[in-house]
Structures are given as C-alpha cells and as structure tokens.
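User: Please take a close look at one part of this structure for me. I am new to reading sheets, so keep it plain.

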Amino acid sequence: MKPSASAEGEHTAVYFDTVTKRFDDVAALNAVTLGVGRSEFVTLLGPSGCGKTTLLKLAAGFLGPDGGSISIEGKRVNDIPTYRRGIGMMFQNYALFPHMSVADNVAYGLKTRRVPKADRDKRVADALALVKLKGMENRKPRQLSGGQQQRVALARALVINPTVLLLDEPFSALDKSLRTSMQVELREIQRRLGLTTIFVTHDQGEALSMSDRVAVMSEGRIRQLGSPVDVYRSPADPFVASFVGDNNRLRGQFVSMQAKQAIVALGDALVRVPGESLSGLEKSAAVDLFVRPEQFDVVAPEEPCTIKGSVVAQIYQGGHVDLQIECSGGAGERLLVRSPGEQAVLRWPMGAPVGVAIQADQCSAFPAA
Amino acid sequence: MNQQPFLRIFTAPATLCAVGFIAAMVAVLQYSLRAYVPGSLDPGGFTLANFADLLKPLYARVFLDTVVVCAMTAVVTLIVGYPLAYALVRVEQPILRSILLVIVVTPLFLGEVVRTYAWIIVLGNNGFINSLLLSLGLIGKPLQLMFTPFGVVVALVHVTLPVMVIMLAAGLSHIDRDYSRAAESLGAGPIRVFLTVTLPLSLPGVVAGTTTAFAWTFSAFATPQLIGGGRVNMISNLVYQLGFSSFNFPFAATLCVAGLALTALVLGLLQLASRPLRKIEVH
C-alpha cells in the first residue's frame, strides 16, 4: 500500500521516501513511503515490533535509515542531527529532566535557541498556561502526578514551535479516564496550533479517535493508510481487518461473482458480500469474511438468518450489550455480537437459541490465507 | 514461613564472619585503651594516654598526609575514570566495549603489590618516564618521582581506578537514554546534553565512586610502603612500623581506631553534602 506520489507536494511537512532500516539482519522497515501533510495528525498504528517506533525515531534522528530518505519541510534530513531538526518530541515515560523544575524543563529548548530571558519567561508562562499548569513552575517533576508530568512534557515540546510534533505512545502510562481527557486536550491544542503531528500507538481505539489519517503497520510495512473511517470500514487486508477494532472472522466458500459482489457460502446459507478482493477466485475457494460485532442482527431462531447458535455470554456495557454466541453444528465457533440499547439483556438470555443475520454488504471479504 | 530454616543456613557464614570481625574490633578497641610497656608484648593498665599522643605533630602529620593523598587520589581517579566509564556505557560496538572492560577490570586481578612494582619500573630514576624524557633531551637529570607524594598518588590512582569506573558506569547506565534524547530533540548539541543532563544526573554515581575511592585508598599499605619508601607515610604504614618494628601494640591499635573514626567522619560528611542529590530519580 503506497500513498499517491502527489503526497510529496508543497503541503507535505514530513516525507519518508522508500525508507529501509535493518537491525542486524532483521528488516525493521521495508521501503516505507509516507507523506504527512502540514497540520495533519497522522497515527502510526501497529503491534509491537511492527516498525512504528523505528519510523518515529528516524524522523527524530535518533536512528539513521539504511536506505531511502527522510525530508522535513522539503529538506532532506538524513544527515542532519536531531538537535538541528527543529522537532518536538514527547516520550512514553515523558523523560522530564528530574533535576530541573517545571519551568526549567519547559525553558530548556528556548535556552538552547538562545532566546533572551524576558521573552523566554513569557513563552514558558504561555506554554504552561496552554497546558493548564500555571502555578506549578517551581515544582520538580517527581512532585507532579502522571497527568501533570505529561502536560509538562507537552509544554516543553510545544514551546519551541516545532516544525513537527512526534509522540511516542504518550498516553500508555495514564489510567483510562485521564487518558481520554488528555487525548481530547492534546487534539484540541494540536488543531489550534496547526501542528504537524506523528503519533505512535498500539492502541487502535486511540488511533481511530485522534487521527486525521492512520497508517496501519505490520512487519515493517504500511498495510493501509487512510482516514479512521476508511481503515475501520474498508480494511485493505485481513491483518488490518483483525487488528483495527473488534472483528469476527468467518470461513466460507466462494461461489460466484455477480456485478461487483461476490456470493459466498457460509454453511448452508449464501451471503452477498463486497467482492473487490475476491475477483479471479475459483469456485469453492476458501474465503474469510470479517464481520464487525455491530454488523450482526440477532433474531429468533425460526426467522430467516445465516447462522444458528445459542447465547453463551452476555456482557452488559451500558449503552450496548455484547453477546457471545456459539454457533451450532460447527466446531464451537464463537461470534461476538453487539446489540445497541439494553433490550438484548432480557430478550436473549443465556442459553437462548438464536439466529444471527449478517449485514453482508458492510463486511469485508478476503481470500483465505 | 518455610524459608526460615533456609535463611538461617544461608546467613550462617556471614554471621560467623561478622562475629569474628566484631571480636577483632573489640580487641583492637580494648588494646587502644591500654598502656604500652616498653620491652613487653603484654599491654599495661587502662589509660587514655594513647589518644592524647595522637595530637603530637609527628602523628597528626601522618593523618593529614593520609587525608590529602586520599583526597587527591579520589579526585584524580574521578577525572580519569569518568571518561572511561562513559565510554564503557555508551560505546555500542561489542569489541570496543570488551577491550575497554578488559583494560578497566584486569588491574583488579593483579593485586596491589604487583601493580605497585610495575609503577616502580615506570617511575624509578632509571625507569620508563625518566629514560624517555632523558633520551628526548627534555630533562638534564632524572626527575624524582619515586618516594614522593606524586608517585604515591599516581600508583594509588591505578589501584583505585577499577572500583571507580565500575561504580560510575553503574550510575551512568541507570540514566535513561530518553533524557539525552529529549535534550537533543530540544536543540541541545552533544556537549550541552552532557553538561546539562548527563553530568548532573550522574552525580549520585560520582559521589558513590568518590566516597568508595577515598575509603579504598585510606587503608592503602603496599603502595605507599613501596613507592613512598618511608618518605610518604600513610596511617597503615605508621601502624605497621609501631606494631611490628616497635611492638607498641596499644598505640598501633589507637591509630587503627582513630583511622577508622576519621574515615567514618569524612564519609559521613560526604554523604551529608550529597544529600540533595539523592532526591534525583534517574529512572
């Protein structure tokens, strides 16, 4: 999956051009090409070891590429050391200087740029106000909570007006409620300042909720680059389908193509699914259908449906109910089905026989690996 | 609670050693309070006279010299050891790192006497340094390096270096690399990163290393004995002379007690002075 060549235009802030990086004999990045637009928030999403952090470190200059080139604002930076790249970076553990006060931490990047003291003090105050930490100037990092430390790290990275903000899993150390509010806040600040941002995470929820575009990575390649909706609704391959969001994988057999749709046999039932990636398959070739939990409808077993089974677990989530349904007849395969509202709690009790219908036009189908 | 019997077995050797050590210390302390009977190996009655004798200029001088030699050794060892420790921690090529490690650690296995003899060969009037300087015509007659505080400090630095480097390297390796990366990302070049981030964060290691080097050197015997040759005396040498040449066991014991007290005092002061550093969380 490559972005269009036009990605490297005048609106490109960061451009990775067929970048390759090896550690010993292991290829951490395999000819990755990615353009990040000015003011854009791009997330590198993938499991650990997929190369997302390596790509970020290459942008920061902590590592050098083995092949390809990296440009920031149109200027090739392969041979430019980190301290001349004008980047701002937030680290997973914040890396606040423990021997300096909050104000000195934030002022650090201004001192290296020889900003005069009066101007410096004002910008530090502004940055701390921006992250709502007024009055904390003289505290030491260890006297702050995790959330406050993160704000200091953000202020420190923002105060230098970086050309690009690099974020390395900055929320992973926060508890869940704090994480959500920090995500919203960071995104607000990023929008207000129009900051080009590259964000690394393994949390697909975080990626979907924050990004303009998501680059889903695995094994040193970008598997899909697109808006959160694209990535969720139209995954490019089975990896993306199963990594981003909850998904059910159903094995079926290819029957035929009709227009752009494919007919796939699931047990005795036939479903009509989007067929772009199935063209050219032979009859009765194995096909994997990926169906989101919310793309199922639970019905009474006597009604027309695709799969029959029984409820084996009910997980009440407030706004919706997750049901686990064990398919009858099969090898005890379980489906995760999401039912909005709370009627499902009473209507489909544990052990109840149910039918499951698939909103087949919404799901994704790939030739089975 | 099943661990209890095991704990007892495992701590038994250490306890035995400690008991022996404490007994010896008590004996030394007891001797230091006894009168010296010339011509007799047995001590006389209890007295504080030995401690009063410590203030005699002859002995006070040795204490002062010892502290000065130890302080100089600690400082020079720190200056020589820091770059070595830094390289040891930061060098990435495995081969280079192994070479450094061998250079640093090997002296530990050679023993003080062997290392000191090597320095006699280097520092002597016909030794390596003087021969080199003479043949280059830089000096007209040999420099006096042996039997000087300078020579003693040089040899002691070599003896102490492994300990210093190991302690500094331990401190440096605990500093998360993200701190220096963060500084770089904020526009700091290598020198600024070192001076404003790495060095301050390594200060706890510096204090630990310096303290240990000081204490390590304080009890030095073979090096000042061989290189000082009687002209540079440290406490251990004085203890040896009094105990084994004059058989004045009580006063030798007093010197030991006083030396121990002085070490404790200096280390205590160092710890006190470095208290603010302990609040630095390096992780």
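In what order do the four strands of the open sheet in chain A stand, and is the pairing parallel or antiparallel?

Analyst: The model is a predicted one. The four strands of this open sheet in chain A follow the order 2-1-4-5, and their pairing is antiparallel. As background, strands of a sheet pair through backbone hydrogen bonds, either parallel or antiparallel.

Start with the edges. Strand 2 (26-37) and strand 5 (75-76) of chain A are the edge strands, and each of them pairs on one side only. Strand 5 of chain A is joined by two bridges to strand 4 (residues 67-72) of chain A, and these strands run antiparallel. Within this part, Ser71(A) stands opposite Arg76(A), which belongs to strand 5 of chain A.

A helix also belongs to the picture. Helix 1 (residues 52-60) of chain A packs on the sheet, where it touches strand 1 (12-23), strand 2 and strand 4 of chain A. The direction of helix 1 makes about 120° with that of strand 1 of chain A.

Chain A also has an open sheet of six strands, in the order 6-7-8-3-9-10, with mixed pairing. Strand 6 (87-90) and strand 10 (221-226) of chain A stand at its edges with a single partner strand each, so one side of each has no neighbour in the sheet. Strand 6 of chain A pairs with strand 7 (residues 164-168) of chain A in the parallel sense, over four bridges. Met89(A) has Leu166(A) in strand 7 of chain A as its bridge partner.

How values were computed:
Residues are numbered from 1 along each chain as its sequence is written. Chains are lettered from A and ligands numbered from 1 in the order in which they are written. This is a predicted model: local features need pLDDT of at least 70, side-chain atom pairs count only at pLDDT 80 or more; totals for chains, interfaces and linings use all residues. Two strands pair if DSSP finds at least two bridges between them. Two residues are in contact if their C-beta atoms, placed from the backbone, lie within 7 Å. Axes are lines fitted to C-alpha atoms, for helices over the stretch in contact, and angles run from 0 to 180 degrees between N-to-C directions.
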